[in-house]
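Thanks for coming. I will go through one structure, residue by residue in places, and you can follow along on the screen.

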Amino acid sequence: MLKIVSPSTRAIYAKQKHLNVKDDVNVLWFNLEDSINSENIESILRWYNTQDNYIFLDCTKEHSELKHIRNKYSNDDNVYWVTSNTEDKKYVKNHIYWEMFLTAVKEMTPDRGEVDLHSQWKRFSKKFICYNGRNRPWRRELYQYIKDRELVLSPQHSIPELLLSEMKYIFRHNDVEQKGNTHKAWNIFKDLSYDYEYWLVTETVAGDDHHGHVFLTEKTFKPILLKMGFVIAGRMGVLKKLRDLGFKTFSDYWDESYDTIDWWPDRRDALVKTIEDIILDDVHVPLDILEYNYNVLKDHSADLELKNTLANLTPL
């Protein structure tokens with residue numbers, strides 16, 4: 001029996017209904033709300049029977065690194081830690097790697113009509129779309145940086161707000177305290193690829209580069225679902241991680257070297273320069289890569305280790 005326990009405020013991304021265990025195996029699955037450092041794991045392990053139940057702690061919703069808690073829980077035989085960080089295997093006895101947000105977006109494919117790239121006969125309303133949920137300071141700063149960007153043609157002639165004229169930049173919340181979020185509406189969006197050619201992805205984390213873990217959320221996989229080109233404002237290595245997951249990126253068509261720059265201000269500058277080049281040169285996305293990435297997403301086995309582990313558990 002698999003019993004799933006979630007905080008009332010926790011948005012459910014991957015539905016987890018596809019996970020199965022044997023009838024005589026008991027699994028308590030906990031969807032953690034926050035980063036592992038913020039959770040009271042002791043209370044979970046204290047109040048639930050860990051002798052007769054396997055405990056699965058789903059840490060995939062937020063950025064987590066288990067090295068920070070390894071001395072407390074590393075030897076619990078019946079506790080399994082589920083994260084999107086392969087390095088976590090070093091620090092706990094039972095670890096499962098799962099790109100949960102990839103699975104969550106993959107699960108959308110049966111319920112959404114597949115985008116037909118060859119029906120895009122009309123002119124795009126703008127080149128880029130950029131959606132932002134939580135009003136994080138670095139996202140606001142990036143918007144201002146793009147807004148203030150001028151194309152200098154000569155000492156006497158420049159074009160202000162050139163990039164913004166080709167970009168729809170949306171903040172769903174304008175609260176400066178970042179309290180508003182759109183977790184509950186994470187999967188509500190239309191087929192933007194018929195109106196915009198590119199998605200500027202603003203990932204959850206971009207400027208905090210002292211961690212080694214590249215954390216991907218649904219924001220990265222949405223343009224793949226919609227067969228759109230993309231550039232990503234995130235941690236160094238986000239494009240490399242996508243390639244490691246089997247997707248293709250676009251280095252043969254525009255400059256993706258921003259993904260290799262470790263300091264966020266420099267990475268931001270290079271990212272915006274890439275956006276500028278795409279707009280000025282009117283670069284179009286290669287349809288074969290868009291189709292390829294969509295098919296990789298649709299058939300991805302990101303949850304294979306998780307499914308196999310659950311299926312092979314034996315009664316305690």
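I will start with glutamate 256, which sits in the loop between helix H7 (238–244) and H8. Please keep in mind that this is a predicted model. Is glutamate 256 buried or exposed? Its relative accessibility is 8%, and buried means under 20%, so glutamate 256 counts as buried. What does glutamate 256 touch, if we skip residues up to four places away in sequence? The list is Leu239, Arg243, Thr249, Phe250 and Ser251. For serine 251 there is also a distance: its backbone nitrogen lies 3.2 Å from a polar atom of the glutamate 256 side chain.

Arginine 268 is in helix H8. Its relative accessible area is 11%, so arginine 268 is buried too. Leaving aside neighbours within four places in sequence, arginine 268 is in contact with Glu141, Leu142 and Tyr145.

In general, nonpolar side chains in soluble globular proteins tend to be buried together. Here the largest nonpolar core has 82 residues, and Phe56, Tyr169, Leu200 and Phe221 touch the most other members. Which element gives the largest share of this core? That is H8, with seven residues. There is a second, separate core of twelve residues, and Phe30, Leu32, Val79 and Trp81 are among them.

Let me stay with phenylalanine 56 for a moment. Setting aside neighbours within four places in sequence, phenylalanine 56 has contacts that include Val27, Trp29, Tyr80, Ile96 and Leu313.

That brings us to the aromatic rings. How many aromatic pairs does the structure hold? There are 15. One of them is tryptophan 29 with phenylalanine 56, a stacked pair at 5.8 Å centre to centre, with 15° between the planes. This pair links distant parts of the chain: tryptophan 29 is in strand E2 (residues 27–31), phenylalanine 56 is in strand E3 (residues 54–58), and they are 27 residues apart. Both residues are buried. Another pair is phenylalanine 101 with phenylalanine 215, which is edge-to-face at 6.2 Å centre to centre, with 80° between the planes. Here phenylalanine 101 is in helix H3 (residues 100–106), while phenylalanine 215 is in the loop between strand E10 (196–202) and helix H6 (218–225), 114 residues apart. Both phenylalanine 101 and phenylalanine 215 are buried. There is also a cluster: Trp29, Tyr54, Phe56, Tyr80 and Trp98 form one aromatic cluster.

Two rings have a charge over the face. Arginine 140 lies over phenylalanine 171, at 3.8 Å from the ring centre. Lysine 227 lies over tyrosine 294, at 4.7 Å from the ring centre.

Lysine 227 comes up again when we look at the backbone. Most residues other than glycine have a negative phi. Lysine 227 has a positive one, near 55°, and its place is in the loop between H6 and strand E11 (229–233). With a relative accessible area of 3%, lysine 227 is buried.

Aspartate 282 also has a positive phi, near 50°. Where is aspartate 282? It is in the loop between helix H8 (264–280) and helix H9 (287–298). At 43% relative accessibility, aspartate 282 counts as partly exposed.

That is my last residue. Questions are welcome.

Note on methods
Residues numbered from 1 in each chain as written. Predicted model: local features only at pLDDT ≥ 70, side-chain atom pairs only at ≥ 80, totals over all residues. Heavy atoms only, no water. Phe/Tyr/Trp six-rings, centres within 6.5 Å; stacked < 30°, edge-to-face > 60°. Helix = DSSP H or I, 4+ residues; strand = E, 2+ residues; numbered from the N terminus. Buried < 20%, exposed > 50% of the residue type's maximum accessible area, 1.4 Å probe, protein only. Lys NZ or Arg CZ within 6 Å of the ring centre and 35° of its normal. Core = buried A, V, L, I, M, F, W, Y, C linked by side-chain atoms within 4.5 Å. Contact = heavy atoms within 4.5 Å. Polar contact = N/O pair within 3.5 Å; in protein donor to acceptor, adjacent residues only side chain to side chain.
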